[in-house]
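Reader: Could you walk me through this structure, one question at a time?

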Amino acid sequence: MSANAISADDFLKIMKNTLEVMEANEEYLAKLDADIGDADHGANMVRGFKLVKERLTSLENPDVGKIFNTTGMALMETVGGAAGPLYGQMFVKAGRLAKEKMEVKKRDLADMWEAGLKGVQDIGGGATPGGKTMVDVLDPAVKVLKESANNDGITLMQTLKKIREVAKESAKRTIPMLAEWGRASYLGERSKGHQDPGATSSYLILRTILDTLNGEVGVKIAKYAESDGGILEEAYL
Ligand SMILES: [Mg+2]
């Protein structure tokens with residue numbers, strides 16, 4: 001990668017690393033989903049990104065748009081529950097803005113993830129921040145991207161670091177929230193006191209972009225609070 005752009009090759013690595021990260025955190029995501037849902041989020045994400053990896057391996061002349069579209073379609077096909085359609089939409093909608101691009105810069109990323117977030121909200125019945133969903137992580141990440149796109153003084157890597165921090169904090173901030181959308185909302189007040197699994201996988205996906213560009217694979221949540229699932233410690237894979 002160049003210092004100010006993410007290439008198609010980088011994104012191929014990012015998607016493959018995301019599978020490694022989902023595998024490493026499968027049990028953790030299952031625990032989070034068991035607390036307020038049906039415990040399948042970890043297995044679903046692993047199954048989804050396995051197919052993503054398979055499809056990307058045989059993709060001819062991959063550009064960023066094709067990579068995102070292929071990723072989104074594979075997730076929609078394989079991932080059960082709400083996560084498949086939601087993440088599928090995010091990647092497909094984002095990918096439409098990267099057609100035939102061999103690399104993307106801050107401005108492109110901001111536009112792509114804004115479109116991706118909108119896709120998630122459209123599919124997810126209009127979920128807004130504060131409702132204990134992946135939107136609670138994606139929305140602040142998009143805000144960071146947009147601010148950075150308008151500020152030449154912030155580099156791409158600085159932007160991604162900021163997203164890592166903001167996304168992690170945002171995932172933790174879902175703990176006291178009342179679930180207003182999806183299966184967890186049936187729990188009412190009992191949904192409080194648990195970190196949202198979708199917000200957590202969104203954080204993991206977003207930070208894997210930075211980790212990959214830094215030459216890492218990504219992280220495993222090495223320690224978490226048994227009571228609310230809050231992240232306590234991370235270790236690089
Ligand atoms: Mg589930």
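Predicted model: local features only at pLDDT ≥ 70, side-chain atom pairs only at ≥ 80, totals over all residues.

Reader: Thanks! Are α6 and α7 roughly parallel or roughly antiparallel to each other?

Author: Helices here are DSSP runs of H or I with at least four residues, strands are runs of E with at least two, and both are numbered from the N terminus. Helix α6 (residues 106-123) and helix α7 (residues 135-149) pack at about 155 degrees with axes 9 Å apart, where axes are lines fitted to C-alpha atoms, for helices over the stretch in contact, and angles run from 0 to 180 degrees between N-to-C directions. Angles under 35 degrees count as roughly parallel, over 145 as roughly antiparallel, 65 to 115 as roughly perpendicular and the rest as oblique. The pair α6 and α7 is therefore roughly antiparallel.

Reader: How many nonpolar residues does the contact of α6 with α7 have?

Author: Two residues are in contact if their C-beta atoms, placed from the backbone, lie within 7 Å. On the α6 side the contact includes Leu109, Trp113 and Leu117, and on the α7 side it includes Leu138, Val142 and Leu145. Ala, Val, Leu, Ile, Met, Phe, Trp, Tyr, Cys and Pro count as nonpolar, Asp, Glu, Lys and Arg as charged, and the others, Gly among them, as polar. By class, the contact of α6 with α7 has 5 charged, 2 polar and 11 nonpolar residues.

Reader: Now to α4 and α5: which hand does their crossing have?

Author: The axes of helix α4 (residues 64-78) and α5 come within 7 Å and cross at roughly 165 degrees. These two helices are therefore roughly antiparallel. A crossing is left-handed if the near helix is turned anticlockwise from the far one by less than a right angle, and right-handed if clockwise. The crossing of α4 and α5 is left-handed.

Reader: Is Gly84 buried or exposed?

Author: Gly84 sits in helix α5 (residues 83-96). A residue is buried if 20 or more other C-beta atoms lie within 10 Å of its own, exposed if 12 or fewer, and partly exposed in between, with C-beta atoms placed from the backbone. Leaving out residues up to four places away in sequence, Gly84 touches Asn44, Gly48, Leu75, Met76, Thr78 and Val79. Because 20 other C-beta atoms lie within 10 Å, Gly84 is buried.

Reader: And how do α1 and α4 run, roughly parallel or roughly antiparallel?

Author: Ala8, Phe11, Leu12 and Met15 of α1 meet Val64, Ile67 and Thr71 of α4. Helix α1 (residues 8-24) packs against α4 at an angle of about 20 degrees, and their axes are 9 Å apart. That makes α1 and α4 roughly parallel.

Reader: Which residues touch the most other members of the largest nonpolar core?

Author: A nonpolar core is a set of buried Ala, Val, Leu, Ile, Met, Phe, Trp, Tyr and Cys residues joined through C-beta atoms within 7 Å. One of the residues in question, Met112, is in contact with Ala94, Leu97, Ala98 and Val104, leaving aside its neighbours within four places in sequence. Of the 65 residues in the largest nonpolar core, those touching the most other members are Ala94, Met112, Trp113, Val137, Leu138 and Ala141.

Reader: How many of the residues in α2 are buried?

Author: The buried residues of α2 are Tyr28, Leu29, Ala30, Lys31, Leu32, Asp33, Asp35 and Ile36. Their cover includes α3, α9 (197-213) and β3 (219-224). Helix α2 is mostly covered, and its buried residues number 8 of 11.

Reader: One last thing: what is the phi of Lys132 near?

Author: Lys132 lies in the loop between α6 and α7. With 28 C-beta neighbours inside 10 Å, Lys132 counts as buried. Phi is positive here in a residue other than glycine, and for Lys132 the value is near 65 degrees.

Definitions and conventions: Residues numbered from 1 in each chain as written.
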